[in-house]
Amino acid sequence: MDEALPLDHKLNQVYRVGAGLIGLALLVFGILGLIDQIGFFTTGSDRVAGLNTNGTLSVISLCVGLILFAGMVVGGNVASTLNAFFGVVFIGSGFVNLALLDSGHNFLAFRMQNVLFSFVVGILLMFFGMYGRVSGGLPHDNPYWRARHPEQAEREQRRRARGGRNRVGVG
């Protein structure tokens with residue numbers, strides 16, 4: 001996933017929107033959690049926006065939200081890679097915190113709604129991060145397909161320049 005994406009490519013908007021929306025939601029959640037002045041490691045039932053929280057989870061949410069928001073500003077492969085990376089992190093966090101729900105090691109004060117939120121946000125981030133980059137059927141005008149198939153992309157470009165038809169596999 002390290003190929004360069006042209007700055008004006010339409011996929012750039014998908015990556016930016018995903019990082020921006022989810023980053024903004026995490027920022028709001030983190031700010032609301034800190035405004036409520038909840039203890040950093042309390043495991044009570046302090047709720048913000050329907051999710052259980054504590055000061056530590058609020059700070060983590062703020063940090064991840066800021067990173068995603070910065071990725072939105074930069075855009076391109078940076079936003080895409082951040083989305084995909086944090087998507088995997090959120091899915092992993094959901095599984096880890098699911099295992100810790102009823103234990104004394106649940107220092108982020110997760111409840112089932114937090115686990116489900118982690119899974120949903122993780123899937124959304126992975127979708128936004130991998131959209132147009134990972135697929136078995138990328139169109140031939142996709143910059144990632146062209147980077148993975150340079151010889152065939154060059155043949156198709158020469159054929160288009162000659163005014164020929166764009167047929168796959170004909171050289």
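**Note on the predicted model**

1. Arg 160 is partly exposed, because its relative accessibility is 44%. That value lies between the 20% limit for buried and the 50% limit for exposed. The model is a predicted one.

2. Arg 160 has a salt-bridge partner, Glu 156. The closest N and O atoms of the pair are 4.0 Å apart. Please look at this pair in the structure. The count of salt bridges comes to one.

3. Where do Glu 156 and Arg 160 sit relative to each other? Both are in helix α6, which covers residues 150-162. They are four residues apart, so about one helical turn separates them.

4. Is Glu 156 buried or exposed? Glu 156 has a relative accessible area of 2%, so it counts as buried.

5. Now the overall layout. The protein chain has six helices and two strands. From the N terminus on, the order is α-β-β-α-α-α-α-α.

6. Burial and contacts across the chain come next. Of the 171 residues in the protein chain, 42% are buried. Take the contacts between residues at least 6 apart in sequence: 64% of them join residues at least 24 apart.

7. Helix α1 (residues 11-35) packs against helix α4 (residues 112-130), in that their axes come within 8 Å. The axes cross at roughly 155°. Angles over 145 degrees count as roughly antiparallel, and α1 and α4 are therefore roughly antiparallel to each other. The crossing of α1 past α4 is left-handed.

8. Which residues make the contact between α1 and α4? From α1 come Val 14, Tyr 15, Gly 18, Ile 22 and Leu 26. From α4 come Phe 117, Val 121, Leu 124, Leu 125, Phe 128 and Gly 129. By class, nine of the contact residues are nonpolar and two are polar. None is charged.

9. Ser 61 belongs to helix α2, residues 55-74. Ser 61 counts as buried because its relative accessibility is 6%, with the limit set at under 20%. Which residues does Ser 61 touch, leaving aside neighbours within four places in sequence? They are Leu 26, Leu 27, Phe 29 and Gly 30. Leu 26 also takes part in the contact of α1 with α4.

Notes
Residues numbered from 1 in each chain as written. Predicted model: local features only at pLDDT ≥ 70, side-chain atom pairs only at ≥ 80, totals over all residues. Heavy atoms only, no water. Axes fitted to C-alpha atoms, helices over the stretch in contact; angles between N-to-C directions. Parallel < 35°, antiparallel > 145°, perpendicular 65-115°, else oblique. Left-handed = near helix turned anticlockwise from the far one by under 90°. Contact = heavy atoms within 4.5 Å. Nonpolar A, V, L, I, M, F, W, Y, C, P; charged D, E, K, R; others polar. Buried < 20%, exposed > 50% of the residue type's maximum accessible area, 1.4 Å probe, protein only. Salt bridge = Lys/Arg side-chain N within 4 Å of Asp/Glu carboxyl O.
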